[in-house]
Amino acid sequence: FFSFLEMDKMDTQMDTDLGEEKGEEGEQEREIEPSKTLISNVSLIKKSVESKGEPRFIASVFRQTHMVRTKLTAEGICAFIEAVLPSDSESATTLKQFLKAKKTETKKVKEEEDDDSGEKLKSELPETEIYCYVLALMHMIDAKDANAIQLSEICLQRLSSFNRRTLDAFAAKVYFYYSLAHERFGNIRDARQTLLALHRQATSRLDAIGQETTLNLLLRNYVSLKQYELAEQLRSKTVLPSSRSSAQQCRYLYYLGRIRAIQLEYTEAKECLTQALRKAPNNAAWGFKLILTKWICIVRLLLGEIPERKFLSSPSEMRSKLLPYFELTSAVRAGDLHEFALVVEKHKATFEKDNVFNLITRLRRNVIRTGLAKVNVAYSKISLNDIALKLGLQKDVDMNNTTSNNINSEGAIECVVAKAIRDGAVDAQIDFETGIMTSNETKDAYSTSLPGEVFHQRVAYCLDVHNECQRAMRYAEKGSTKTNETKEERMKRLEDEEALREFMEEEDDYF
């Protein structure tokens, strides 16, 4: 960490005059007040409406709003509402009642805004009105105000009175805060019917962002209540839109990975969760990436893989919260059932809070497999009773309040070892007469199909990245190339093209 600080200092000393000017501009941007940011967002909303819903302007609006989210106050939002909405607007009166701002501070902020913009800020656009609702919902949820549920329902009713495609992005935000308000201050099950109706509406209207948002909210609704079968039925019967946002795609892959992990499809679960982690922002969404890292760790352990130390120790922002999973990985790597049981018992509350405790209970078989694999490599011949002692099977059974005679019997040990051999975790043979496990000779990995399989996985990943990049590129619409040119303009264009063609032919003949 200190090395990075030293590098930053060296970079600062080596900056040119141009770099210093950019630094001053960056400081000025950090000092921008929330009121000025909200006012600039109104102009971006107008540009978006004039350009018939250009997504770049709406993305800038939400990005700038997120930057000043922690600085927003009820007084500032009320001042903004008074500045941009008409005085006779019913929505303005409703929002002020829910925000309950102090009039003295509101007037003070409003005077500062009026000095800069005056009456030019007044806007009768439905997009500006819904944006005010989004700001109020955002502030009330951050302030833990339970009235956010009622306000979100009022906003949904107001949205139903409009039929404008430029409202799709704002409507998606309202859907999200409607579900979030029910999840935090009410019962998330109560929002399901409304979300299903909104999803059908978005699908029939070909609203891509609304369809993605409502689908992810419904998956979250089902998964949070552990109704994985209903979530899979909904997912399998839903056709995803071709143009998808990266944020919604990350959420979709996360929920799909959780569903696949519960359904014992660990390979597909690992692919979905890993893709979601790669698509997540680099320097943001630490909570989302923390959850993904925990689930990827458990799924990899269930697949028989051991996550690297670097995967669980970097970045430093998540290192302390990943400590239980680091200890769990160490116990699985050691193949000691006694140590594994102690770690699970110690961090049981954390695992239950992260909703991974049911998956961790499935790791006992993997611990036995790992221990048997280590014993198989270390010993060419070993008795079954010694295997039970080295793996801690007797201690594990004692902690579960069962008799040790059953596990020490050769029949029970034979079942454990024979199952590991049949599953391919151990390459050995059992001599039932003497009760000894004999290891087979180790084979060269390069003489097997393993290198080809690994190479195939890497090639498939590169092809997937290439295809996703192609789909993410922005192409001009088919009708955009057509222009309403007159007959004279068309004749002139054809003459210019013909002259250019003759000129190129002459040039070719010359060379």
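Modeller: Accessible areas here come from the Shrake-Rupley method with a 1.4 Å probe, and for residues only the protein chains shown count as cover. The protein exposes about 31,200 Å². Carbon and sulfur atoms supply 52% of that area.

Colleague: What kind of model is it, and what are the ground rules?

Modeller: This is a predicted model: local features need pLDDT of at least 70, side-chain atom pairs count only at pLDDT 80 or more, and totals for chains, interfaces and linings use all residues. Residues are numbered from 1 along each chain as its sequence is written, and side-chain values use heavy atoms, with hydrogens and water left out.

Colleague: How many helices and strands does the protein have?

Modeller: The protein has 28 helices and 3 strands. Helices (H or I, at least four residues) and strands (E, at least two) are DSSP runs, numbered from the N terminus.

Colleague: And what share of the residues is buried?

Modeller: Of the 511 residues, 38% are buried. Buried means under 20% relative accessible area, exposed over 50%, partly exposed in between (1.4 Å probe, protein chains only).

Colleague: On to packing. At what angle do H8 and H9 cross?

Modeller: Roughly 165°, with the axes of H8 (residues 126-142) and H9 (residues 148-160) coming within 10 Å. Axes are lines fitted to C-alpha atoms, for helices over the stretch in contact, and angles run from 0 to 180 degrees between N-to-C directions. H8 and H9 are therefore roughly antiparallel; angles over 145 degrees count as that, under 35 as roughly parallel, 65 to 115 as roughly perpendicular and the rest as oblique.

Colleague: Which residues make the contact?

Modeller: Among them are Tyr133, Leu137 and Met140 of H8, and Leu151, Cys155 and Arg158 of H9. Contact means heavy atoms within 4.5 Å.

Colleague: What sits in the loop between H8 and H9?

Modeller: Lys144 is in that loop. Lys144 has a positive phi of about 60°, though it is not a glycine. Lys144 is exposed, at 70% relative accessible area.

Colleague: Where is Leu264?

Modeller: Leu264 is in the loop between H14 (246-262) and H15 (266-279). Its phi is also positive, near 70°. Leu264 is exposed, at 54% relative accessible area.

Colleague: Last pair. Are H16 and H18 parallel or antiparallel?

Modeller: H16 and H18 are roughly parallel. The axes of H16 (residues 286-302) and H18 (residues 323-334) cross at roughly 10° and come within 11 Å. Lys294, Cys297, Ile298 and Leu301 in H16 meet Tyr325, Leu328, Thr329 and Val332 in H18.
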